[in-house]
Amino acid sequence: MVCGGFTCSKNALCSLNVVYMLVGLLLIGVAAWGKGFGLVSSIHIIGGVIAVGVFLLLIAIVGLIGSCKKIRKCVTCGELMLHHATEALKILGGVGLFFSFTEILGVWLAVRYRNQKDPRANPSAFL
């Protein structure tokens, strides 16, 4: 088992929080850049965008601080998926091999059927 089964969720949430941090920093940076170059004249809009960016940044930081409570040695999702894929491929190979041999048996039976003489035909006729 993968440490209670939450390792994948934890990693996904950590990466999502990192993306939110980048978006928060981007919001703050774009608002400051717009104010610096005078592209936006309304201080209320710039203040709102910066406030949203700071809020998003703080929430993402709190989320990252809450994902690092306890560190344990766990099996990663990639290793677990590779193990299951290996087992599935072994089963799939066995099934494929079984059907290959039955297909060869079917070809052999078809050749025997094709080369059979017709019982209704003249017995002295060739084939």
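These are my notebook entries on a predicted model of a protein.

**Ground rules.** I number residues from 1 along each chain as its sequence is written, and I use heavy atoms for side-chain values, leaving out hydrogens and water. Since I work from a predicted model, local features need pLDDT of at least 70 and side-chain atom pairs count only at pLDDT 80 or more, while totals for chains, interfaces and linings use all residues.

**Overall fold.** I looked up the helices and strands, which are DSSP runs numbered from the N terminus (helices: H or I, at least four residues; strands: E, at least two). The protein has three helices and zero strands, and along the sequence I read the pattern α-α-α.

**Record.** I checked UniProt, where an unreviewed entry gives the annotation "transmembrane region" for residues 12-33, 45-67 and 88-111. Positions are in the numbering used here, feature names are shortened, and annotations may be inferred rather than shown by experiment. In the model, residues 12-33 are 100% helix and 0% strand, with the end C-alpha atoms 31 Å apart. Residues 88-111 are also 100% helix and 0% strand, and there the end C-alpha atoms are 35 Å apart.

**Surface and contacts.** I noted that the protein exposes about 10600 Å², of which carbon and sulfur atoms supply 73% (Shrake-Rupley method, 1.4 Å probe; for residues, only the protein chains shown count as cover). Of its 127 residues, 9% count as buried (buried is under 20% relative accessible area, exposed over 50%, partly exposed in between; 1.4 Å probe, protein chains only). I also looked at contacts (heavy atoms within 4.5 Å). Among those between residues at least 6 apart in sequence, 74% join residues at least 24 apart.

**Helix α1.** I picked two residues here. Asn-17 is in helix α1 and counts as buried because its relative accessibility is 12%. Leaving aside neighbours within four places in sequence, I find Asn-17 in contact with Ala-60, Gly-63 and Leu-64. Val-19 also lies in helix α1, residues 7-36, but counts as partly exposed because its relative accessibility is 43%. Val-19 belongs to a nonpolar surface patch with Leu-13, Leu-16, Tyr-20 and Val-23, about 400 Å² of accessible area together. For such a patch, residues need over 30% relative accessible area and no salt bridge, and nonpolar side chains (Val, Leu, Ile, Met, Phe, Trp, Tyr) are joined within 5 Å; like charges are joined within 9 Å. A salt bridge is a side-chain nitrogen of Lys or Arg within 4 Å of a carboxyl oxygen of Asp or Glu.

**Aromatic rings.** I counted two aromatic pairs (rings of Phe, Tyr and Trp, its six-membered ring, with centres within 6.5 Å; planes under 30 degrees apart are stacked, over 60 edge-to-face, the rest tilted). The rings of Phe-98 and Phe-99 have centres 5.2 Å apart and planes at 70°, so I put this pair down as edge-to-face.
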